[in-house]
Amino acid sequence: MADPSDLLIDRTLVLLRHAKAVPPETMPDLERPLADRGRADAGAAGRYLVAQGIEPDLVLCSPSKRTRETWKYVADAGVSAGDVWYDKRIYNADTDGLLDVVHDVPTEARTVVMVGHAPGIPWLADELALDGTSPERLELTQKYPTTGLAVLHLTCRWADLSANEADLVSYVVPRS
């Protein structure tokens, strides 16, 4: 059984949409790599996380080539992670599917980065964030382009996370 004091521990969830990928015309969707701009923008996302002092205990990443490459370039920019899980449930997941993945995060993890796809990542950011009126919150509901990144703060256990339980700390779209 979890320690009751765990309920009050600060946690950070970063929801990162993969960087710009090459068009899908010539290959299966899962195999699409990042475009040149995507590699540069993923590096910018990594530099943003470093500047914010965000170091994940765990990265949850879709197994698609473009999400794996996004994480690689984020990490190459100086972001170190305690562990990286490539989870096929993230690929093409809806909000409930992504929440199922988050619910499986070990209790001891304090900072988690999820690298995934639209529309699931934008939908999850919108569903979790409490404040519906800040300019950043309104912007993320209107557009969440490639390399869009939401930083959420929560105080509940990962297994208990549900709608409207996180504070939106920031929403940015890092570009090189």
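Author: Begin with the contacts of one residue. The model is a predicted one. Leaving out residues up to four places away in sequence, Leu34 touches Ala19, Lys20, Ala21, Val22, Arg39, Arg66, Glu69, Thr70 and Tyr73.

Reader: Where is Leu34 found, and is Leu34 buried or exposed?

Author: Leu34 is in the loop between β1 (11-17) and α1. Its relative accessibility is 2%, so Leu34 counts as buried, the limit being under 20%.

Reader: How does distance along the chain relate to distance in space here?

Author: The two are read separately. Leu34 and Thr67 are 33 residues apart in sequence, and their C-alpha atoms are 8.4 Å apart in space. Val22 is one of the residues that Leu34 touches, and Val22 also gives a case to set beside this one. Between Val22 and Glu108 there are 86 residues along the chain, and their C-alpha atoms are separated by 37 Å.

Reader: Which element holds Val22, and what does Val22 touch?

Author: Val22 belongs to the loop between β1 and α1. Apart from residues up to four places away in sequence, Val22 touches Met27, Arg32, Pro33, Leu34 and Ala35.

Reader: Next, a charged residue. What can be said of Asp41?

Author: Start with its place: Asp41 is in helix α1, which covers residues 36-51. Then look at burial. Asp41 has a relative accessible area of 1%, and is therefore buried.

Reader: Which side chain makes a polar contact with the side chain of Asp41?

Author: That of Arg175, at 3.1 Å. Arg175 is also among the residues that Asp41 touches, together with Thr147, Pro174 and Ser176, when residues up to four places away in sequence are not counted.

Reader: How do I read the packing of two helices?

Author: Two packed helices are described by the angle between their axes and the distance between the axes. In this model, helix α4 (residues 120-128) packs with helix α5 (residues 135-142) at an angle of about 145°, and the axes are 9 Å apart. Their crossing is left-handed.

Reader: Which residues of α4 and α5 meet?

Author: From α4 come Pro122, Ala125 and Asp126, and from α5 come Arg137, Leu140 and Thr141. Sorted by class, this contact has three nonpolar, one polar and two charged residues.

Reader: Could we follow one residue of that contact further?

Author: Take Leu140, in helix α5. Leu140 counts as buried because its relative accessibility is 3%. Beyond its neighbours within four places in sequence, Leu140 is in contact with Pro122, Ala125, Asp126, Leu168 and Tyr171. Leu140 and Trp123 are 17 residues apart along the chain, with 9.3 Å between their C-alpha atoms.

Reader: Which residues of α4 are buried, and what do the buried residues of α4 pack against?

Author: The buried residues are Gly120, Ile121, Pro122, Leu124, Ala125 and Leu128. They pack against β1, α3, β4, α5 and β5.

Reader: Now the backbone. Where is there a cis peptide bond?

Author: Look at Ala118 and Pro119, which are joined by a cis peptide bond with omega of about 10°. Pro119 is in the loop between β4 (111-116) and α4.

Reader: And which residues other than glycine have a positive phi?

Author: Asn92 has phi near 60°, a positive value in a residue that is not glycine. Asn164 is another such residue, its phi also being near 60°.

Reader: Where do Asn92 and Asn164 lie?

Author: Asn92 is in the loop between β3 (83-86) and α3 (95-103), and Asn164 is in the loop between β5 (149-154) and β6 (167-172). Asn92 has a relative accessible area of 59%, so Asn92 is exposed. Asn164 is partly exposed, because its relative accessibility is 44%.

Reader: Are Cys61 and Cys156 buried or exposed?

Author: Cys61 is buried, its relative accessible area being 0%. Cys156 counts as buried too, at 12% relative accessibility.

Methods:
Residues numbered from 1 in each chain as written. Predicted model: local features only at pLDDT ≥ 70, side-chain atom pairs only at ≥ 80, totals over all residues. Heavy atoms only, no water. Buried < 20%, exposed > 50% of the residue type's maximum accessible area, 1.4 Å probe, protein only. Helix = DSSP H or I, 4+ residues; strand = E, 2+ residues; numbered from the N terminus. Polar contact = N/O pair within 3.5 Å; in protein donor to acceptor, adjacent residues only side chain to side chain. Contact = heavy atoms within 4.5 Å. Axes fitted to C-alpha atoms, helices over the stretch in contact; angles between N-to-C directions. Left-handed = near helix turned anticlockwise from the far one by under 90°. Nonpolar A, V, L, I, M, F, W, Y, C, P; charged D, E, K, R; others polar.
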